[in-house]
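This report describes helix packing and the nonpolar core of one model. The sequence and structure come next.

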Amino acid sequence: MTTLPNEQTAIIRTERGLTIAGTRITIYDIMDYVTAQYPPKFIRGLFDLTEAQINAALAYIEANRADVEAEYQIVLKEAEELRLYYEEKNRDLIARIAAQPPKPGQEAIRAKLQAAKAKFKSQL
């Protein structure tokens, strides 16, 4: 595990996986932003980490890149499987909610949302 200058362990293994000590933030949470090439300062602010914590996390990722990447791929696969499971399990409910007419007074905002969704899909 990685240690901070005062010899405390910075990255620990918990039931959630590799975690930044003293937080519930996993290395896999950080990896989402590292792979998207966000700057460390942004990641630090997003998760409200200290400079030592983000530096320890990034150092751990770099020092153990192959192992972290392999675990990260497993986490992504499990997350996708869960998403598909709950999407299938709730398919009828989602369809019923989508078929409901907009509440009175919300027609304009709903039309704007639908236009934004269509624009987003066309960009894919």
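How are α1 and α3 oriented to each other? Helix α1 (residues 27-35) and helix α3 (residues 51-63) pack at an angle of about 80 degrees, with axes 11 Å apart; the two are therefore roughly perpendicular to each other, a label for angles of 65 to 115 degrees. Axes are lines fitted to C-alpha atoms over the stretch in contact, and angles run from 0 to 180 degrees between N-to-C directions. Helices are DSSP runs of H or I with at least four residues, strands are E runs of at least two, and both are numbered from the N terminus.

The model is predicted: local features need pLDDT of at least 70, side-chain atom pairs count only at pLDDT 80 or more, and totals for chains, interfaces and linings use all residues. Residues are numbered from 1 along each chain as its sequence is written, and side-chain values use heavy atoms, without hydrogens and water.

In the α1 and α3 packing, I27, I30, M31 and V34 of α1 meet I54, A57, L58 and I61 of α3. Contact means heavy atoms within 4.5 Å.

| Residue | In contact with |
|---|---|
| I30 | I20, I25, I43, F47, L49, I54, L58 and I61 |
| Q53 | I20, A21 and T23 |

Q53 lies in helix α3 and is buried, with a relative accessible area of 17%; buried means under 20% (1.4 Å probe, protein chains only).

The largest nonpolar core has 20 residues, of which I11, L18, I20, I27, I30, I61 and V68 touch the most other members. To this core, α3 gives the most, with six residues. Such a core is a set of buried Ala, Val, Leu, Ile, Met, Phe, Trp, Tyr and Cys residues joined through side-chain atoms within 4.5 Å.

Conventions
Angles under 35 degrees count as roughly parallel, over 145 as roughly antiparallel, 65 to 115 as roughly perpendicular and the rest as oblique. Buried means under 20% relative accessible area, exposed over 50%, partly exposed in between (1.4 Å probe, protein chains only). Lists of a residue's contacts leave out its neighbours within four places in sequence.
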